[in-house]
Amino acid sequence: MAASSRLPVALLGSAVLILGVLIWKPWSAPRDPAPAAAGAANADALGAAPRSAQPQPLGEAPQLSGPQRQVALAETVRSAAPQAQPPQSYKGPDGKQHEIVYNQGLALSPGAREELKRQRLQQMRDQPEAISKIYGIGRDEIAAVLAGKRPFPDRLIDQ
C-alpha cells in the first residue's frame with residue numbers, strides 16, 4: 001500500500017521538474033555578450049582572425065568581399081550548368097537502362113506522348129510482368145494491347 005501512495009507524488013514531482021526545465025530552457029538562453037567582447041579583445045591582441053572573419057549568427061546574411069563575391073557568382077553559374085542537373089536514366093537491378101521521368105504531372109507534347117507510347121509498348125513486349133506490376137494492369141490486357149485488340153491505355157502515359 002505504501003508503494004502505491006508514493007506513485008502520485010513521484011509523478012507529480014516528475015511533472016514539476018519537466019515543466020521547470022521547459023520554462024527555463026537552458027538550451028535557448030541568450031549568451032552574455034560581455035565575456036565574448038572581452039574574449040574578442042584578447043583574441044585580437046593574440047593575432048586571431050578579425051571579427052568579420054568569424055561565422056555570422058543565424059538569420060544574418062554574410063557580407064562578401066570582392067573575391068568572395070566572384071567565387072559565389074562562379075558557383076551559382078556552375079550549379080546552373082547542364083552537367084549539374086539530375087540524371088535522366090539509371091541502370092536497374094535487372095542490368096537494363098531505365099529512364100527517370102521528372103515532372104510527371106506536366107502535359108506532354110504530342111510528339112513526346114507518341115515517343116512515350118512507343119517506349120511503353122516496347123516495355124510491354126520486353127517486360128510484361130514488370131509493366132503488370134508497375135501499372136496494375138493484367139497480363140491479358142497487355143496481350144490484347146500488343147495484339148491490337150484493345151486500344152493503348154492512356155493511364156500508362158498520363159502519370
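Analyst: **From helix α4 to the end of the chain**

Glu115 and Arg118 both belong to helix α4, where three residues, about one turn of the helix, separate them; helices here are DSSP runs of H or I with at least four residues, strands are runs of E with at least two, and both are numbered from the N terminus. The model is a predicted one, in which local features need pLDDT of at least 70 and side-chain atom pairs count only at pLDDT 80 or more, while totals for chains, interfaces and linings use all residues. Residues are numbered from 1 along each chain as its sequence is written, and side-chain values use heavy atoms, with hydrogens and water left out.

The side chains of Glu115 and Arg118 meet in a salt bridge, at 2.7 Å from N to O; the term stands for a side-chain nitrogen of Lys or Arg within 4 Å of a carboxyl oxygen of Asp or Glu. Side chains of opposite charge can pair when their charged atoms come close. Glu115 is partly exposed at 34% relative accessibility, whereas Arg118 counts as exposed at 52%; buried means under 20% relative accessible area, exposed means over 50%, and partly exposed lies in between, with a 1.4 Å probe and protein chains only.

The structure holds four salt bridges, and another of them joins the side chains of Asp154 and Arg113, at 3.9 Å from N to O. Because Asp154 lies in the segment after α6 and Arg113 in helix α4, this pair ties together parts that are 41 residues apart in sequence. Asp154 is partly exposed, with a relative accessible area of 46%, and Arg113 is partly exposed as well, at 25%.

Glu141 forms a salt bridge with Arg155, and their closest N and O atoms are 3.5 Å apart. Since Glu141 lies in helix α6 and Arg155 in the segment after α6, the pair ties together parts that are 14 residues apart in sequence. Glu141 is buried at 14% relative accessible area, while Arg155 counts as partly exposed at 41%.

We can now turn from charged pairs to packing. Helix α5 (residues 128–135) has the buried residues Ile131, Ser132 and Tyr135. Seen down the axis of α5, they fall within an arc of 100°, so they line one face of the helix; the arc is that of the directions from the helix axis to the C-beta atoms. The face turned away from this buried side carries the exposed residues Lys133 and Ile134. Among what covers the buried residues of α5 are α4 (110–126) and α6 (139–147). Gly136, with a positive phi near 70°, follows α5.

Not counting residues up to four places away in sequence, Ile131 touches Gln123, Met124, Gly136, Ile137 and Ile142, where contact means heavy atoms within 4.5 Å.

Helix α6 has the buried residues Glu141, Ile142, Ala144 and Val145. These cover an arc of only 165° around the axis, which puts them on the same side of α6, and Arg139, Asp140 and Ala147 are exposed on the other side. The buried residues of α6 pack against α4 and α5. Just after α6, Gly148 takes a positive phi of about 85°. Leaving aside neighbours within four places in sequence, Val145 is in contact with Leu121, Met124, Arg150, Pro151, Phe152 and Pro153.

The largest nonpolar core has eleven residues, including Leu121, Met124, Ile131, Tyr135, Ile142, Val145 and Phe152. The elements that give two or more residues to this core are α4, α5 and α6, and α4 gives the most, with three residues. A nonpolar core is a set of buried Ala, Val, Leu, Ile, Met, Phe, Trp, Tyr and Cys residues joined through side-chain atoms within 4.5 Å.

Gln127 sits in the loop between α4 and α5 and is buried, with a relative accessible area of 15%. Leaving aside its neighbours within four places in sequence, Gln127 is in contact with Asp94, Lys96 and His98.
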